[in-house]
Amino acid sequence: MNKRYTTDEYVSMINAALERALEKCGDNVVCEAMKYSVRNGGKRIRPLLLLEFCRLCGGNVEDALPFACAIEMIHTYSLIHDDLPCMDNDDMRRGQPSCHIKFKEHFALLAGDGLLTHAFSSVLGSTVAKKDPEMTLEALSVLAEGAGNCGMIGGQVIDLESEGIRITSDTLEKMDRLKTGALIRAAAVMGVIAAHGESEAKKAAADFAEKLGQAFQVVDDILDVTGNEETLGKPVGSDTQSDKSTYVSLLGIEMSQLFAKKLTDEALASLEYFGEEASYLRDFSEKLLSRRN
C-alpha cells in the first residue's frame, strides 16, 4: 500500500498544486479575485478525499493532484456565487470579506466563471491527461456531472425555490444530496478512477461520500444555530433570516445531531470494503461530525 499522509501533508500538497495551477489564470482583476477566493482556506475536504481514495486504491497521489485542484476550484466558484446578492447575499466567507465585497459583484461573478473554466483547462493541460487520456476523460465526466444541473447546480435550484416555504424532509434530503453531496461524491469516485480502481471500489467510495456529504450538511445546519460568527468565519442564523427549511427547523437540534451520527455510521460502514487501510477516513469522518466550524 502507498505511503500514508496526514491531513496537514495533504493540505500542503493541495495548496502548493493550486498555486501552480493559478499561475496560469492570467494577471487581471478577475484572476486576483480567483486567487483571493481559492487562497481563503477552508478544510480542502473534497480534494483531500480524492487524494486519499486514490491512495487507498493503490494510485499515485501526485498524479491525482490536477483532479484535486479542479474539484477545489469548482467548489470555490460555487461559494463565490453562493455569496452573491442574488443568492445568499453573505458579506463574509471564512472570516474574510466575500469575493463580491472585496472585488465588486461583477468581478466576483466572472471569478466564479473563471474558476469553473480553469478547473477543466488545468486538468486537460496536465501531464496526467497526456499520459492517460482515457482515465482523465472518465474522471472529468464524473466531475462535470457532479457539478452540473443533475448535481450541485440542481441542488442550488431547489434551495432557491424553497426559500420562504415549508418543504418536506424528502425534498431537503434531495437538495443536500445534490447541492453538497454531489461534489463530495464526485471527489471520492474520481480518486478511485485516478488509481484505476475496480467498480466495487467506486461504489463503496460513492456510498461513503453520499452519507458523509449529507452528515456534513446536517452539522452545518446545526452550527448555523449553535455556532458563533468568530468560530465559523461567517454570519450565523442566515438560514433563519432567509426563511430556509433546514434539518434543525424540521427535526430540532437534538434529533438533527442523532441523524448526523446515524449518517456518519452509515458512511463508516461503506469503508469496510477498504479494510484497515481506511483508518484515516474513519478518523476524518468522526472529526467532521464533531467539528465546531
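**Terms and values**

Modeller: Asn-149 sits in the loop that joins helix 8 (133–147) to helix 9 (152–161). Helices here are DSSP runs of H or I with at least four residues, strands are E runs of at least two, and both are numbered from the N terminus. The model is predicted, so local features need pLDDT of at least 70 and side-chain atom pairs count only at pLDDT 80 or more, while totals for chains, interfaces and linings use all residues. Residues are numbered from 1 along each chain as its sequence is written, and side-chain values use heavy atoms, with hydrogens and water left out.

Biologist: What makes Asn-149 count as exposed?

Modeller: Its relative accessibility is 57%. Buried means under 20% relative accessible area, exposed over 50%, and partly exposed in between, with a 1.4 Å probe and protein chains only. Asn-149 is therefore exposed.

Biologist: Which residues is Asn-149 in contact with, leaving aside neighbours within four places in sequence?

Modeller: Gly-154 and Val-157, where contact means heavy atoms within 4.5 Å. The C-alpha atoms of Asn-149 and Leu-178 are separated by 9.0 Å, and these two residues are 29 residues apart along the chain.

Biologist: Why is Asn-89 called partly exposed?

Modeller: Asn-89 has 44% relative accessibility, so it counts as partly exposed. It lies in the loop between helix 4 and strand 1 (92–93), and its phi is near 55 degrees, a positive value in a residue other than glycine.

Biologist: And what makes Lys-104 exposed?

Modeller: A relative accessible area of 55% makes Lys-104 exposed. Lys-104 belongs to the loop between helix 5 (99–103) and helix 6 (105–124). Its phi is also positive, near 80 degrees, and it is not a glycine.

Biologist: What span does helix 3 reach, and what is expected?

Modeller: Helix 3 (residues 45–56) reaches 16 Å from its first C-alpha to its last, close to the 16 Å expected. The expected span is 1.5 Å times one less than the number of residues. Just after helix 3, Gly-58 has a positive phi of about 85 degrees.

Biologist: Why are helix 12 and helix 17 called roughly parallel?

Modeller: Helix 12 (residues 199–226) and helix 17 (residues 279–289) pack at about 20 degrees, with axes 9 Å apart. Angles under 35 degrees count as roughly parallel, over 145 as roughly antiparallel, 65 to 115 as roughly perpendicular and the rest as oblique. The two helices are therefore roughly parallel. Their contact is made by Phe-208, Leu-212, Phe-216 and Val-219 of helix 12 with Leu-281, Ser-285, Leu-288 and Leu-289 of helix 17.

Biologist: What makes helix 4 and helix 11 roughly antiparallel?

Modeller: Their axes cross at roughly 170 degrees and come within 10 Å. Helix 4 and helix 11 are therefore roughly antiparallel.

Biologist: Is Thr-264 buried or exposed?

Modeller: Thr-264 has a relative accessible area of 1%, so it is buried. It is found in helix 16 (residues 253–270). Leaving aside neighbours within four places in sequence, Thr-264 is in contact with Ala-215, Ser-285 and Leu-289.

Terms used: Axes are lines fitted to C-alpha atoms, for helices over the stretch in contact, and angles run from 0 to 180 degrees between N-to-C directions.
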